[in-house]
Amino acid sequence: QVQLVESGGGLVQAGGSLRLSCAASGNIFRINAMGWYRRAPGKQRELVAVVTSVGTTTYADSVKGRFTISRDNAKNTVYLQMNSLKPEDTAVYYCNANIQRTAGWGTYWGQGTQVTVSS
């Protein structure tokens with residue numbers, strides 16, 4: 001089994017910062033891309049940022065220049081540093097990873113962590 005466990009969400013005022021972490025554990029042979037998605041109330045889930053195993057990053061236009069994704073391959077952990085937060089960043093944030101187990105590749109999701117930005 002594989003688990004993705006997120007931490008770091010919470011309540012912050014507009015302009016503030018939060019750092020999300022997501023650690024993968026279990027029967028892991030290799031991890032390819034790791035990323036963060038979010039779902040705001042009444043909206044569909046959207047990509048926030050993704051980082052490949054070699055460090056190539058992609059960001060949604062709405063977070064470019066404010067959010068930074070990074071990963072520690074030795075710890076199977078991905079981070080999302082969120083600065084200059086806005087009320088529209090309020091959402092449940094989900095970690096995602098493409099993981100190779102002995103049985104093959106699969107896409108895995110964390111349980112989600114709530115981020116609330118007050119105006």
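Tutor: Buried is under 20% relative accessible area, exposed is over 50%, and partly exposed is in between (1.4 Å probe, protein chains only). As a general point, nonpolar side chains in soluble globular proteins tend to be buried together.

Some housekeeping: this is a predicted model, so local features need pLDDT of at least 70 and side-chain atom pairs count only at pLDDT 80 or more, while totals for chains, interfaces and linings use all residues. Numbering runs from 1 along each chain as its sequence is written, and side-chain values use heavy atoms, with hydrogens and water left out.

Now zoom in on Met82. Skipping neighbours within four places in sequence, Met82 is in contact (heavy atoms within 4.5 Å) with Gly16, Ser17, Leu18, Leu20, Arg66, Phe67, Tyr93 and Val115. For the chain, 56% of the contacts with a separation of 6 or more are between residues 24 or more positions apart.

Stepping back, the chain has 11 strands and zero helices, where these are DSSP runs numbered from the N terminus (strands are E, at least two residues; helices are H or I, at least four). Its radius of gyration, 14 Å, is close to the 14 Å the globule rule gives for 119 residues, so the chain is as compact as a globular protein of that length. That radius is taken over C-alpha atoms, and the rule is 2.2 Å times the number of residues to the power 0.38. Of the 119 residues, 41% are buried.

Two loop residues deserve a look as well. Asn76, in the loop between S7 and S8, has a positive phi of about 50° although it is not a glycine. Asn76 counts as partly exposed, at 24% relative accessibility. Ser84, in the loop between S8 and S9, also isn't a glycine and has a positive phi of about 50°; its relative accessible area of 41% makes Ser84 partly exposed. For background, most residues other than glycine have a negative phi.
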